[in-house]
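Open the model in your viewer and keep the selection tool at hand. We will go from stop to stop together.

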Amino acid sequence: IKKAAAKRGKTAQRGSSNVFSMFEQSQIQEFKEAFGCIDQNRDGIINKADLKETYGQLGKLNVSDEELESMLAEGKGPINFTVFLTLFGEKLNGTDPEETILAAFKLFDPNATGVVNKDEFRRLLMNQADKFTAEEVDQAFAVAPIDVAGNIDYKSLCYIITHGDEKEES
């Protein structure tokens, strides 16, 4: 049993070095601060009581035990800082962001043309949900592939968002 535990420990350690390389040092520090805020009893592990207290401080008092247990189950064991960081790494990098972004754009392209009108999209960005300012829309459109008819090729834009703009790198 000790050998198996030691082997798991080595695997976990090897895995943890990968998760730390996924983030900049400043990001890791921010996650560490967030972890410290959630770890209410300062024992190095986030448990149900820590989550319940954190939600309470944020004004959400009616979080069910099932919700809290579901969150904790994502860690597949005690949630220490490395597991916490891994969970965020999976959330941020685990699912294919390109597919997620494409799916969002397809909502604005019911005829599956592969483009959305830039003026209509600007109107939506500035008037729906987390409203963009005119400057934020201009920044987004600065890298967007827009044709002469004023349509955004959102498949290319999704690629730029998830892989970077080749023009910037050269």
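The tour below starts with the whole chain and then visits a few selections.

**Before you click.** This is a predicted model, in which local features need pLDDT of at least 70 and side-chain atom pairs count only at pLDDT 80 or more, while totals for chains, interfaces and linings use all residues. Residues are numbered from 1 along each chain as its sequence is written, and side-chain values use heavy atoms, with hydrogens and water left out.

**Whole chain.** Show the cartoon: the protein has 10 helices and 2 strands (DSSP runs numbered from the N terminus, helices being H or I with at least four residues and strands E with at least two). Starting at the N terminus, the order is α-α-α-α-α-α-β-α-α-β-α-α. Of the 170 residues, 25% are buried (under 20% relative accessible area; exposed is over 50% and partly exposed in between, with a 1.4 Å probe and protein chains only).

**The phenylalanines.** Select Phe20, Phe23, Phe31, Phe35, Phe81, Phe84 and Phe88, which ring pairs link into a cluster. Rings of Phe, Tyr and Trp (its six-membered ring) pair if their centres lie within 6.5 Å; planes under 30 degrees apart are stacked, over 60 edge-to-face and the rest tilted. The count is 10 aromatic pairs. Zoom in on phenylalanine 35 and phenylalanine 84: their ring centres are 5.3 Å apart and their planes stand at 70 degrees, so this pair is edge-to-face. Phenylalanine 35 belongs to helix α2 (residues 25-38) and phenylalanine 84 to helix α5 (residues 81-93), so the pair ties together parts 49 residues apart in sequence. Phenylalanine 35 is buried at 7% relative accessibility, and phenylalanine 84 is buried with a relative accessible area of 7%.

**Two helices.** Next, colour helix α3 (residues 48-57) and helix α4 (residues 65-73), whose axes come within 10 Å and cross at roughly 120 degrees. The axes are lines fitted to C-alpha atoms, for helices over the stretch in contact, with angles from 0 to 180 degrees between N-to-C directions. Show side chains where they meet: Lys48, Leu51, Lys52 and Tyr55 in α3 face Asp65, Leu68, Glu69, Met71 and Leu72 in α4 (contact means heavy atoms within 4.5 Å).

**Last stop.** Which strand holds aspartate 153? Aspartate 153 is in strand β2 (residues 151-153), and is partly exposed with a relative accessible area of 28%. Leaving aside residues up to four places away in sequence, aspartate 153 touches Gly114, Val115 and Pro145.
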